[in-house]
Amino acid sequence: MTPDLRGQRYSVVGLARSGVAAANALARLGADVLASDQKSADQAHELSRTLDTRIQVAFGGNRVRPGDTVVMSPGVPPTAAVFAEAQTHGCRIISEIQLFQELRPDAPILAVTGTDGKSTTTSWLGAMAARERPTFVGGNIGIPLTAAVFDLAPGQLVVAEVSNAQLMTAPAFHPRVAVITNIAPEHLDYHGSFEAYVAAKHMILENLGRGDAVLLRRESPILSTWRAPEGARTLWFTRGELPPGEEGLFVRDGVIHVRLSHSETALLAVSALALPGQHNLENAMAAAGAALVFGIDPEAVIHVLQHFVGLEHRLERVKTARGAAWYNDSKATNPHAAMAGFTAFSTPFICIAGGSSKGADFGEWADRVAQACKHVIVNGATREKMAKLLNGRVPLTVVDTLAEAVAAAHALAKESDVVVLSPACASFDQFRDFEHRGRTFKALVEGLASASAPG
């Protein structure tokens, strides 16, 4: 089911997970591949050492060959010189997700994007589909799509998390069902403006056609104005009622209802969802709507809604130490994601925040923190900025590092308290990524004196 690419030329720019997977897949299919990374060989991602020996590799700068198809890493910003160089050389620029679809056009894709909630929604949706048919879950969530090119059965379903950066260079990307969880200011340093970020997200639905569908959050001021292209269906998910004549999922009297093709049924009670919080109610409805409109059996959907265990680094319960419960929400890499997580806790908690800001505005976050938290410990590159916004509004501790923040929280926490790592920031001031930060946090918590098992 894969093409023969002998005689075709590709330049792969960026050698982290998606770039290495793309380059290796292309080389295996016979393509002539140049792979490059701006880092030196010693500094490059360790995955670059797994490149196929048939690939020409260049370190110390991003390189493209005239006339090549360029597979651009999502880590390369649109302002990078290599973009202009590729255009000058007449190259076709695509992302790894579009490359996957070109290599495996037989695989139907259910794609999820959004500022927040996309990893949880993707995993929830993948679990629903997997109860009924073989399903591969990947993309921005972990395993690159091109890493599965040779492993998928003919026509196997793919559930993919896709980012704004991947969509920006995927003009022909065409999922069968698209989900957009929400849109809030994010990655402004990458795109240069909020408008450019929104335009990148919109690309997920631009190629939808007859028989396809998009799920959109009704409460979003931006998404509520969007519609699927002619021939495709627009479905909504909302915590309130759904207007007559519209398809989607909504809540009435504490019960999630679904309306498809003018048929309305009750799905399950909100209280029966496996994960707490208003943000997870929306994630659940988005995933369920995508599964149902694709044709997944409602019983499979209901079962997974009730039993899904959640994701590492997203409101992950770590353990109890001296009677205080510790949670890892390292995936809250912006203020909007952090505030969404606050809804999971019914009483004020101790919050560990801070990191690198990505140009974020912390004004609304500070207002919510002052209401939701009993003490805030800020660390990392944004500590002074956050402290200035919070000073006098909530008890506050300022430290340099995450290790110091954990120690300070442990000294403060009393029995029945809740301590949450909720950074509201990216991780790059102290860590490789949010996963590295989350695992470091968990190791620090595991090492606390008088720590006890989860429960």
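This is a predicted model: local features need pLDDT of at least 70, side-chain atom pairs count only at pLDDT 80 or more; totals for chains, interfaces and linings use all residues.
I started at a helix pair: W124, A127 and M128 in helix 4 meet A300, V301, V304 and L305 in helix 9. I sorted the residues of this contact by type and got seven nonpolar, no polar and no charged.

Next I looked up the geometry of the pair. Two packed helices are described by the angle between their axes and the distance between the axes. Helix 4 covers residues 118-130 and helix 9 covers residues 298-307; their axes come within 8 Å and cross at roughly 135 degrees. Angles over 145 would count as roughly antiparallel, and 65 to 115 as roughly perpendicular. Helix 4 and helix 9 are therefore oblique to each other. I also checked the hand, and helix 4 passes helix 9 in a right-handed crossing.

In what order do the five strands of the open sheet lie? I read 3-2-1-4-5, with parallel pairing. At the edges I found strand 3 (56-59) and strand 5 (92-94), each pairing on one side only. On average, neighbouring strands here are turned by 20 degrees against each other, if I ignore direction.

Strand 4, residues 69-72, pairs with strand 5 in the parallel sense, and I have three bridges down for them. For V71, the bridge partner in strand 5 is I94. Helix 3 (residues 96-103) packs on this sheet, where it touches strand 1 (9-13), strand 4 and strand 5. The direction of helix 3 makes about 100 degrees with that of strand 5.

**Strand 10**

Last, I looked at strand 10, residues 213-217. Is strand 10 buried or exposed? Five of its five residues are buried, so strand 10 is largely enclosed by the rest of the structure. Buried here means under 20% relative accessible area.

Which strands does strand 10 pair with? Strand 9 (residues 177-180) pairs with strand 10 in the parallel sense over four bridges, and V177 stands opposite A213. Strand 11 (residues 233-237) also runs parallel to strand 10, and five bridges join the two. R217 turns up again here, with F237 in strand 11 as its bridge partner.

Terms used:
Residues are numbered from 1 along each chain as its sequence is written. Side-chain values use heavy atoms; hydrogens and water are left out. Axes are lines fitted to C-alpha atoms, for helices over the stretch in contact, and angles run from 0 to 180 degrees between N-to-C directions. Angles under 35 degrees count as roughly parallel, over 145 as roughly antiparallel, 65 to 115 as roughly perpendicular and the rest as oblique. A crossing is left-handed if the near helix is turned anticlockwise from the far one by less than a right angle, and right-handed if clockwise. Contact means heavy atoms within 4.5 Å. Ala, Val, Leu, Ile, Met, Phe, Trp, Tyr, Cys and Pro count as nonpolar, Asp, Glu, Lys and Arg as charged, and the others, Gly among them, as polar. Two strands pair if DSSP finds at least two bridges between them. Buried means under 20% relative accessible area, exposed over 50%, partly exposed in between (1.4 Å probe, protein chains only).
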